[in-house]
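Here is a short report on one protein chain. Look over the sequence and the 3D view before reading on.

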Amino acid sequence: MALLRGVWGVLSALGKSGADLCAGCGSRLRSPFSFANVPKWFSSSLSGYPKKPMTSYVRFSKEQLPIFKAQNPDAKNSELIKKIAEVWRELPDSEKKIYEDAYRADWQAYKEEIHRIQEQLTPSQMVSLEKEIMQKRLKKKALIKKRELTMLGKPKRPRSAYNIFISERFQEAKEGTSQVKLKTVNESWKNLSHSQKQVYIQLAEDDKVRYHNEMKSWEEQMVEVGRDDLIRRSMKYPAKNDPGKY
């Protein structure tokens with residue numbers, strides 16, 4: 001629980017959760033096309049596309065991280081980021097203004113470059129680009145969500161009997177000198193007798209029980225730290241002031 005609160009503190013230090021940070025990606029652009037995510041294949045028809053400029057806080061963090069790392073070589077990045085966030089909050093407005101002015105200047109140059117690129121696109125290119133951008137955005141959101149859940153200690157999903165068998169075979173190969181091919185493992189699985197497969201089926205059932213118990217405990221912890229949005233829809237937990245309600 002202490003670990004979860006520590007991780008939550010790092011996210012809170014930035015003022016947003018991982019999901020919030022993701023939801024804000026590209027939101028500052030008024031145009032429906034966020035060219036920060038222009039696919040590489042599209043650059044062949046353009047003279048180049050700009051990267052979205054760093055915000056004032058990100059610019060400050062990037063400058064400070066190497067300094068903090070040198071002063072605290074054994075500290076984890078999450079701890080350093082939390083310290084940097086605290087320094088940023090205490091920074092005088094006059095010093096913050098330096099970073100904010102730099103961001104505004106970069107943002108203006110970024111918008112001008114985006115406008116130049118837009119003028120070069122044909123209608124069909126715009127449609128293709130929009131589809132590609134949406135796919136990349138969804139993929140990026142899913143990745144950020146996955147990283148956040150990992151940081152919050154979400155239990156791993158249960159493995160199937162077949163996956164347990166594969167993992168076991170590859171682990172044996174890793175410990176030995178022989179190499180194992182997936183095709184060979186597939187054939188080995190097919191050739192197992194019913195009683196041999198039953199061993200892995202039972203292991204998979206045990207893993208389901210493990211997952212169920214760990215998820216129940218994890219979701220209760222998420223309710224405690226105010227992350228009800230991470231609870232499965234089929235699961236309801238009683239509120240602290242109403243223990244009899246589900």
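The report goes from the whole chain to single residues.

## Basis of the model

This is a predicted model: local features need pLDDT of at least 70, side-chain atom pairs count only at pLDDT 80 or more, and totals for chains, interfaces and linings use all residues. Residues are numbered from 1 along each chain as its sequence is written, and side-chain values use heavy atoms, with hydrogens and water left out.

## The whole chain

The protein chain has 9 helices and 0 strands. Both kinds of element are DSSP runs, numbered from the N terminus: helices are H or I with at least four residues, strands are E with at least two.

The chain has 246 residues, and 29% of them count as buried. Buried means under 20% relative accessible area, exposed over 50%, and partly exposed in between (1.4 Å probe, protein chains only). Now take contacts, meaning heavy atoms within 4.5 Å. Among contacts with a separation of 6 or more, 68% join residues 24 or more positions apart.

## Helix 6

Helix 6 covers residues 123–151. How far apart should its ends be? The expected span is 1.5 Å times one less than the number of residues. For these 29 residues that gives 42 Å, and the end C-alpha atoms are 42 Å apart, which agrees.

Several residues of helix 6 are buried, including Met126, Leu129, Ile133 and Arg137. An α-helix has 3.6 residues a turn, so residues three or four places apart point the same way. After helix 6 comes glycine 153, with a positive phi near 80°.

## Aspartate 207

Aspartate 207 sits in helix 9 (residues 194–224). Its relative accessible area is 14%, so aspartate 207 is buried.

Which polar contact does its side chain make with another side chain? The partner is arginine 210, at 2.9 Å. A polar contact is a pair of N or O atoms within 3.5 Å; within protein, one must be able to donate a hydrogen and the other to accept it, and residues adjacent in sequence count only if both atoms are side-chain atoms. The aspartate 207 side chain also reaches the backbone nitrogen of arginine 159 at 2.8 Å.

## Aromatic pairs

The whole structure holds 10 aromatic pairs. In one, phenylalanine 60 and tyrosine 99 have ring centres 5.4 Å apart and planes at 90°, so the pair is edge-to-face. Phenylalanine 60 is in helix 3 and tyrosine 99 in helix 5, so the pair ties together parts 39 residues apart in sequence. Rings of Phe, Tyr and Trp (its six-membered ring) pair if their centres lie within 6.5 Å; planes under 30 degrees apart count as stacked, over 60 as edge-to-face and the rest as tilted.

Phenylalanine 60 is buried at 4% relative accessibility. Tyrosine 99 is buried at 14%.
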